[in-house]
Structures are given as C-alpha cells and as structure tokens.
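Subject: Structure for your files

Hello,

Please find the sequence and the structure below. My notes on the contents follow.

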Amino acid sequence: MLEGMRADYNKVDALSRKVMDIVAQAKEIRATNPAGSDFTATLNPNYHWIKTSGIISRDKWGNLPGGEIFTAPGEVNGVCVVDGVVGDYLCEKYQDLARQPLTIHMRNNRITEVSSDNKELEQEFWAYTHTDENSDQVASCYRNQHRADARDRTDSSGRKVPRIHIAFGNPYGEHTGAKWYSSTHIDVVGTKFDIWVDGRQIMEKGRFLIEA
C-alpha cells in the first residue's frame, strides 16, 4: 500500500493507454521468462480489453492500487511457471513461490497439468481450479500490472508492479464479452517476463520497453 498508493496515476494511466493502443488490435501475445514460462495467447477480436489504471471519479471506480489492463483470451497454449504468488487464500498460505514454483501446463485454454516441489500447493491449486466445469479455463490471457513511475520496485504480493499474471476461472464476461462463467477466479503471478505482441517486444525481463 505504501508503494502503490504513492504512484503517479496520471503516468500509470498514460502508460496503460499506450499499452491498450498496442494490444487492442493484436492477434497474438507470447510470454516467456527465465523460470521456464513459454505460452502464447491467441486473442478473440470479439472480446474487450479493460483498463483499470487507478483514475477514480464519481462515474468510474476501481481497486487501488491501480494499474492493469486485461482481456479474456481466445485460446492459450503453453507453460506458465509461477515464481511469484498465487491468488485467493493460497496467496497468504504459500506466499512467495520463488524457491518452489508452480508449473502450469495449458492446452486449448484449459489446464492440463500442474506440478511443484510443494505437493500440498500442487494438490490445492489443482482442486481449486477444478471446482466447477470452467474453473480450469484461462480467464485472463494477459493481465499486466504496472507502475509507470516505479518500474524497478516490487511489493510483497507481487501485484501492481511490472509483473505479469494470468487468471483461471471467471472471465468477467460482463466486461470482457467472454461467454462462459465460473464460480471461481484465481490469479497466478510470474516474474521477469519478456512479452511480444504480434512479434513486437513490449517488455523485457519485467520492464516495459515503452514509455508513459
């Protein structure tokens, strides 16, 4: 809270709009990181990108600290190695996963396999993402946390800083336009990502290559 709430949200919003301009018409996003992640999201042109950059008004509210854009994917395939944190109650229980990452395999937008040296985490995450028939679907293919004025800093949860997370379960269809629903929604956060949008690299080792 001390770091995130002190951000210059005009700068955060300016960077968010630049990222939105790049991804709004994109067909494909690829993400890799040194931990072993390598996944590709094919985007659905009928789904909407949502920007929540921390600008609060009488007409529009949102969570603080702000600084993210997201959409539901058309399809995601590949591997995501979670060396940051997982969401919901699992975040407090397992905290930083740098020493015992969680590896998630995805095919046709669904989880096919998870593995970790921490077998309790592995089992709990698998159970959570199989609560209902859509809990294992990728809900957010590219959800980019960023602070335009503090690119090198991180907070204790790994959120609202230049890291990447994807989510499984409810795709917030009322906003994104996705047609499925799940009673669950859980985020997973990885670090030091490289990101390409239709072949153009916009992030390297967790730092944006574009300026606000």
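I begin with Ser 182, which touches Asp 132, Asn 134, Ser 135, Gly 169 and Asn 170, leaving out residues up to four places away in sequence; contact here means heavy atoms within 4.5 Å. This is a predicted model, in which local features need pLDDT of at least 70 and side-chain atom pairs count only at pLDDT 80 or more, while totals for chains, interfaces and linings use all residues. Residues are numbered from 1 along each chain as its sequence is written, and side-chain values use heavy atoms, with hydrogens and water left out.

Ser 182 is located in the loop between α4 and β10 (185-190). Helices (H or I, at least four residues) and strands (E, at least two) are DSSP runs, numbered from the N terminus. With a relative accessible area of 1%, Ser 182 is buried; buried means under 20% relative accessible area, exposed over 50%, and partly exposed in between (1.4 Å probe, protein chains only). Its side chain makes a polar contact of 3.3 Å with the side chain of Ser 135, and the side chain of Ser 182 also reaches the backbone nitrogen of Thr 184 at 3.1 Å. A polar contact is a pair of N or O atoms within 3.5 Å; within protein, one must be able to donate a hydrogen and the other to accept it, and residues adjacent in sequence count only if both atoms are side-chain atoms.

Overall content

The protein has 4 helices and 13 strands. Of its 212 residues, 53% are buried. Taking contacts between residues at least 6 apart in sequence, 65% join residues at least 24 apart.

The sheet

An open sheet is formed by 8 strands in the order β7-β6-β5-β2-β1-β11-β12-β13, with antiparallel pairing. Two strands pair if DSSP finds at least two bridges between them. The edges are β7 (110-115) and β13 (207-208); each has a single partner strand, so one side of each is left without a neighbour in the sheet.

Strand β1 (residues 28-32) is joined to β11 by 4 bridges, and the two run antiparallel. Within this pairing, Ile 29 stands opposite Val 197 in β11. Strand β11 (residues 194-197) also pairs with β12 (residues 200-204), in the antiparallel sense over 3 bridges. There Ile 195 stands opposite Met 203, and Val 197 has Arg 200 as its bridge partner. The hairpin of β11 and β12 has 2 residues between the strands, and Asp 198 takes a positive phi near 50° in it.

The charged end of Arg 30 sits over the ring of Trp 196, 5.5 Å from the ring centre. The criterion is NZ of Lys or CZ of Arg within 6 Å of the ring centre and within 35 degrees of the ring normal.

Helix α3

Helix α3 packs on the sheet and touches β6 (102-107) and β7; the direction of α3 makes about 165° with that of β7. Axes are lines fitted to C-alpha atoms, for helices over the stretch in contact, and angles run from 0 to 180 degrees between N-to-C directions. The N-terminal end of α3 is capped by Asn 118, a side-chain oxygen of which lies 3.2 Å from the backbone nitrogen of Glu 120.

The buried residues in α3 are Leu 121, Glu 122, Glu 124, Phe 125 and Tyr 128. Glu 124 has a relative accessible area of 18%. Apart from neighbours within four places in sequence, Glu 124 is in contact with Tyr 89, Leu 90, Lys 93 and Tyr 94.

Aromatic pairs

A search of the whole structure gives 4 aromatic pairs. Rings of Phe, Tyr and Trp (its six-membered ring) pair if their centres lie within 6.5 Å; planes under 30 degrees apart count as stacked, over 60 as edge-to-face and the rest as tilted. One of the pairs is Phe 70 with Tyr 172, edge-to-face at 6.5 Å centre to centre and 70° between the planes. Phe 70 lies in strand β4 (residues 68-70) and Tyr 172 in the loop between β9 (163-169) and α4 (173-176), so this pair ties together parts that are 102 residues apart in sequence. Phe 70 is buried at 6% relative accessibility, whereas Tyr 172 is partly exposed at 27%.

Phe 125 and Phe 168 have ring centres 6.2 Å apart and planes at 85°, so this pair is edge-to-face as well. Phe 125 lies in helix α3 (residues 119-128) and Phe 168 in strand β9, so the pair ties together parts that are 43 residues apart in sequence. Phe 125 is buried at 0% relative accessibility, and Phe 168 is buried with a relative accessible area of 0%.

Regards
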